[in-house]
Amino acid sequence: MATRVRRTTLTLPAAPLGPDNPLPALRGGPDLHRVEIPRDAGLPADMARQIGAAPPRSLLPVRLRDGYGRTRRATDLDALVIENDRLRATVLPGLGGRVYSLHHKPTGRELLYRNPVLQPAAFALNGAWFSGGIEWNIGAPGHTTLSCAPLHAARVPAPDGGEMLRLWEWERLRDLPFQVDLWLPDGSDFLHVGVRIRNPHHHTVPVYWWSNTAVPEDERTRVLAPADAAWHFGYARRLRRVPVPEDGGVDRTYPLRGEFPADYFYDVPDDARRWIAALDADGHGLVQTSTDTLRGRKLFLWGAGRGGRRWQQWLTEPGTGGYTEIQAGLARTQLEQLPLDAGGQFTWLEAYGPLAADPATVHGTDWGAAREEVASRLAAALPRADVDAAHAAWLPYADQEPKESLATGSGWGALESARAGLDLPGTRFDAATLGEEQEPWLTLLRTGALPAGRPLPGTALVGPAWRDLLESAPSGAAADYHLGLAQWHAGDRAQAVRSWERALGHGAGALARYCLAVAEAEAGETGRAADRFLRACDEAEREAAERGPDSGERLAVLTALVREAVPALLAAGRADEAARLLAEVPRTGPDDGRCRLLTAQVLLAQGRPEAAREIFDAGFEIAVLREGDEVLADTWYAIAERLVAGGGPVTARVRAEARRRHPLPERYDYRMRPV
């Protein structure tokens with residue numbers, strides 16, 4: 001049978017996402033893709049040109065998603081099932097269009113790592129993300145800001161006469177529309193995925209895309225790709241070319257044979273077929289292949305070290321199995337972005353399905369033979385020419401209009417369509433999706449002015465066209481505040497500061513003061529930044545008091561401001577003022593762990609390491625701990641050094657003794673690189 005698409009409900013233990021952070025995301029995302037390249041690295045010219053190109057200056061216009069905790073409860077999730085007589089794929093349209101499950105009916109095998117819980121963790125560029133399945137990453141290097149956001153979804157006619165499931169949305173970091181079409185041809189063992197990214201603008205836009213697939217791992221899981229070399233990138237941020245499969249005497253194609261988390265970007269020859277597979281001890285597993293546009297292939301592994309194992313436990317239910325990721329992207333590495341010309345598009349087709357190969361060959365010592373075994377089995381199951389033909393057959397259907405809406409995403413695409421009069425066949429953004437977040441910006445479009453009421457419109461728009469509209473709008477709290485955000489995002493820092501100062505004059509309040517505090521901090525003015533943060537917190541406290549005990553939004557602003565202000569005060573040597581601020585923040589819910597860590601840091605700065613250590617000994621969790629963040633280990637050892645040194649200086653000998661006498665407990669060890 002050809003593809004059928006139906007609705008269902010998936011029930012999982014899930015931690016609620018909670019509210020977004022009310023402060024504008026003025027700083028960039030986690031700097032995990034900053035790279036040190038040795039002089040003798042020998043990078044290809046296009047890779048050298050594309051690495052680090054056009055990084056976003058901030059996460060604007062999106063907000064940070066850091067309101068979740070770790071208390072999970074049974075939750076019903078809307079899901080869509082794509083099914084033929086061979087495969088059944090389960091998709092979560094409300095969570096970035098994640099393919100949660102890919103079940104092969106004839107063998108009864110689950111081909112993906114299917115996380116038994118939904119536990120958000122701070123891995124996306126803007127925070128909340130969860131592990132498992134197949135995810136679609138677009139925007140800037142890292143996990144997409146849409147990881148836990150709803151996408152539009154609809155039924156669409158498929159090339160073979162069946163149905164496709166179309167997912168689409170407007171990606172806000174780069175202001176690009178994209179679509180993902182999924183279908184199962186009659187009798188096929190492979191999920192077909194057609195992807196299109198369009199640039200409707202009059203200028204070139206940098207594009208990033210990686211399809212990440214989580215697969216179960218154990219000691220005998222092996223990842224294979226058509227390459228004899230790879231670009232290794234770890235959390236020490238160094239890029240180097242290494243041989244495949246062995247590097248340093250260890251076969252790195254077995255994910256659990258490494259100690260630390262790492263990326264291996266396979267150097268696939270230009271004329272080779274694009275594929276990557278993860279096979280178990282019996283030679284069974286998942287293979288992914290594509291047309292040549294999707295050039296890159298990557299293995300991500302957590303490794304067998306304590307930090308990687310701790311992260312695996314953090315992302316799922318304790319006692320369950322772990323995973324590794326096989327990935328495919330537009331560029332050779334995730335450190336790169338590709339230019340997409342004005343009016344242009346990228347399209348390609350991916351295919352995901354089961355593979356069975358001879359285990360003795362797959363796990364033998366002859367890497368060439370193992371690769372050839374997988375390549376020949378893939379050629380028999382799904383010839384390269386068939387993938388190219390499926391892509392060609394799909395392209396005319398990419399413009400087919402949806403037959404029936406199955407899920408609704410955001411209204412940002414509809415707003416951009418209204419502003420620019422866009423014609424995007426196949427991914428039209430219906431005006432009916434416009435909502436409360438877009439309403440102030442519709443007012444700006446129609447009247448030339450932002451609404452003057454308070455609180456300020458919460459969601460920003462920072463693109464050049466919106467900046468032009470804001471510059472022409474009458475001055476006021478909302479207009480000047482948002483103009484400052486657009487100027488800051490464009491790199492016009494001095495202009496942004498002037499706009500926020502004007503906004504303060506119009507009564508913009510704590511949010512404008514926060515922006516000015518960040519501007520001082522980014523300029524290296526530590527003392528002035530601390531002063532600005534204190535005034536912003538005082539203003540937020542006053543606003544919360546004026547609005548009464550039911551003002552949850554104002555209290556959220558105050559709490560978020562205190563979390564930012566305390567490190568700024570500590571950097572300025574003002575620990576007592578930091579302690580006063582912390583005393584005003586409620587110690588409940590997801591914020592509790594962050595407040596406990598800040599309290600320990602304040603106590604240490606006050607010369608009270610014993611009291612700081614008591615907080616760690618009592619135990620706490622930080623639900624929003626960032627990928628690659630070593631703050632827990634750093635604070636633990638800073639406390640240990642003061643305990644060992646007493647009132648004396650912290651010397652190299654003291655540091656060594658502190659590490660010997662006060663080893664970091666496993667519960668706080670999230671380190672992803674060699675110490």
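**Close-up views of a predicted model**

**View 1. Helix 13 contributes the most residues, 6, to the lining of the largest pocket.** The structure is a predicted model, in which local features need pLDDT of at least 70, side-chain atom pairs count only at pLDDT 80 or more, and totals for chains, interfaces and linings use all residues. Residues are numbered from 1 along each chain as its sequence is written, and side-chain values use heavy atoms, with hydrogens and water left out. Helices (DSSP runs of H or I, at least four residues) are numbered from the N terminus. At least two lining residues each come from helix 11 (510-522), helix 12 (526-547), helix 13 (552-571) and helix 15 (591-605).

**View 2. The largest pocket holds about 1,400 Å³ of space.** A pocket is an open set of points on a 1 Å grid over the protein atoms alone, where a 1.4 Å probe fits, with protein on both sides within 12 Å along at least five of seven lines; lining residues have an atom within 4 Å of a point. The volume is the space filled by probe spheres set on the points. Of the 48 lining residues, Arg27, Leu64, Glu564, Arg626 and Asp629 lie nearest the centre of the pocket. The lining comprises 25 nonpolar, 9 polar and 14 charged residues, where Asp, Glu, Lys and Arg count as charged, Ala, Val, Leu, Ile, Met, Phe, Trp, Tyr, Cys and Pro as nonpolar, and the others, Gly among them, as polar.

**View 3. The whole structure contains 0 disulfides.** A disulfide is a pair of cysteine sulfur atoms within 2.5 Å. For Cys515, the nearest cysteine sulfur is that of Cys537, 13 Å away. Cys515 is buried (under 20% relative accessible area, with a 1.4 Å probe and protein chains only), at 0%.

Technical notes. Buried means under 20% relative accessible area, exposed over 50%, partly exposed in between (1.4 Å probe, protein chains only).
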